[in-house]
Amino acid sequence: MLTLGRGFCIITGASKGFGRSLAHEVSHLLEPGSVLLLVARSGSLLEELKEEIYSFTDKQQLAVHCVTADLSTREGVTETVRVAKQEAVTELDHVLLINNAGSLGNISTFGSFTDIEKVNSYLTFNVSSALALTAGLLQVFPCRADLRWSVVNISSIFALKALPSWVLYCTAKAARMMMFSVLAEEEPNVKVLSYSPGPMDTEMQEDIQRQSGIAYSLFPCHVSAAKLMKLILDNDFPSGKHLDFFEV
Amino acid sequence: MSIAAGTDLGRALCIITGASRGFGQAVARHLSQRVSPGSAFVLAARSGNDLRSVRAELLQEYAGLLVECVEADLAHAEGQARVISAAKQCFSADMDHVILVNNAASLGDVSRYTRDFTNMAEVDSYLSLNVSSCLCLTASTLEAFPQRPGLRRTVVNVSSLCAVQPFPSWVLYCTGKAARDMMFRVLAEEEPDVRVLNYAPGPMDTDIYASAKSRTADPNIRRSFTAMWDQGQVLTCDESCTKLMKLLLDDSYVSGAHIDVYDV
């Protein structure tokens, strides 16, 4: 497959880093009549991104909508679902949801995590939000045999590998991997991919270096974003699979 | 490296969550049979009455056993604090083992599919009890009883096959169990002196099993739960506990490993 077809694509955490790269990659792969929903907390960064995309793409071909939403809140999730419903078009080949929004959390010793509100807050944003948003969008675009549905979970090697001092991040990524595996088992008409993008030149990596002192050798976001898009276009993996940037 | 390998679990402070019924109750009973005199138990659950019954049961066997019941909602800071406070009160300097059994859990609504979980508050609430409370209680316990020579620390996570295998219509339970397994694997990596066990107890005749059998939306899963029950393949809590005790006494498992009852 060379394009994503006439698609409705939702990308969370779209204002920066990997999400922003994904928005660019996706915009080149959508057919005329497509809709791109960009979700993040920063309305101004999203508007900038929208302008960038329109400098390459005809507005007639692709409708880009910015949703300023805090996905750690119920209101943010329901607003995103509301806008999706509002902007839904009838003639669609493909719905593509990329659950990219996520946070690092504190890199700290296990024993430091005694505050349940802080742990809850982290899990709300990194786990609950992805579930509620995915469910909400599955309700907006109910599965049918003639509609291609793709759900991407932006994962990490640390969904599989335990790393000392990274309990929050590892726990949330492991939770998400299982959550999307269950979805894959349940929905034969939804193609689910957990994609671990590798270490990229993002603010999150700067935060990792600041907190842990570890500096990974980084790839530009667009390299990993392009790989993810190729995986989705080739569509040659079993639903629910976890794939890593370095494996493909 | 165990101090009193194979014979008993030492003079232990045992903290057990969800101790009022089911597997937690059985764990309390089995541990009480394997600890030395001078041990203490902190039993936590939401039902004070049920905890007191468990306490009475333990005291019938071991009259001198110190058993504290903490009626608490572990998903709240206040409940957590009371469990830690009771644990500190029960601890004595001549104890050589702290054992925390993270057993409290809920099934979540298995009558619905992933696409139906649009209510974030429901998911938050589930994760708070099944994931956050477990992390915080374990962290607090390790902080309250830090490493020192002569003190073994063992943390058990009551896990499940669902931690490693996705079950249709069980998104909350699977997600929570997978999260917990990873959480404890991180602990095992960080703290080599803490013995960490992710124990999957198998299908047992508990309230969770009854709910699973009657409410599971996925027809195949529901059928298999009914079939296991009808064919007598469901374990008693005692049977599974016996295996857990063997693991703890042998103390030779790799810290952080996921071990299923059928592996023992």
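**Sheets, helices and the interface**

Guide: In chain B, helix 1 (residues 22–32) lies across strand 1 (12–17), strand 2, strand 4 (97–102), strand 5 (152–158) and strand 6 (194–200), and runs at about 170° to strand 1 of chain B. The model is predicted: local features need pLDDT of at least 70, side-chain atom pairs count only at pLDDT 80 or more, and totals for chains, interfaces and linings use all residues. Residues are numbered from 1 along each chain as its sequence is written, chains are lettered from A and ligands numbered from 1 in the order in which they are written, and side-chain values use heavy atoms, with hydrogens and water left out.

Visitor: What makes helix 2 of chain B lie across strand 2 and strand 3 of chain B?
Guide: Contact means heavy atoms within 4.5 Å. Helix 2 (residues 48–61) of chain B lies across both strands, at about 170° to strand 3 of chain B. Axes are lines fitted to C-alpha atoms, for helices over the stretch in contact, and angles run from 0 to 180 degrees between N-to-C directions. Helices (H or I, at least four residues) and strands (E, at least two) are DSSP runs, numbered from the N terminus.

Visitor: How do you know that strand 2 and strand 3 of chain B pair?
Guide: Two strands pair if DSSP finds at least two bridges between them. Strand 2 (residues 40–45) and strand 3 of chain B have 6 bridges, in the parallel sense, so they count as paired. V42(B) stands opposite E68(B) in strand 3 of chain B.

Visitor: Why are strand 3 and strand 7 of chain B said to stand at the edges?
Guide: The open sheet of chain B has 7 strands in the order 3-2-1-4-5-6-7, with parallel pairing. Strand 3 (66–71) and strand 7 (258–260) of chain B each have a single partner strand, so one side of each is left without a neighbour in the sheet.

Visitor: What is the strand order in the open sheet of chain A?
Guide: The order is 3-2-1-4-5-6-7 (chain A), with parallel pairing.

Visitor: Why is R115(B) with E187(A) called a salt bridge?
Guide: The term requires a side-chain nitrogen of Lys or Arg within 4 Å of a carboxyl oxygen of Asp or Glu. The closest N and O atoms of R115(B) and E187(A) are 2.6 Å apart, so the pair qualifies. The count between chain B and chain A is 1 salt bridge.

Visitor: Which helix of chain B gives the largest share of the side that touches chain A?
Guide: Helix 4 of chain B, with 15 residues. In total, 48 residues of chain B are in contact with 49 residues of chain A.
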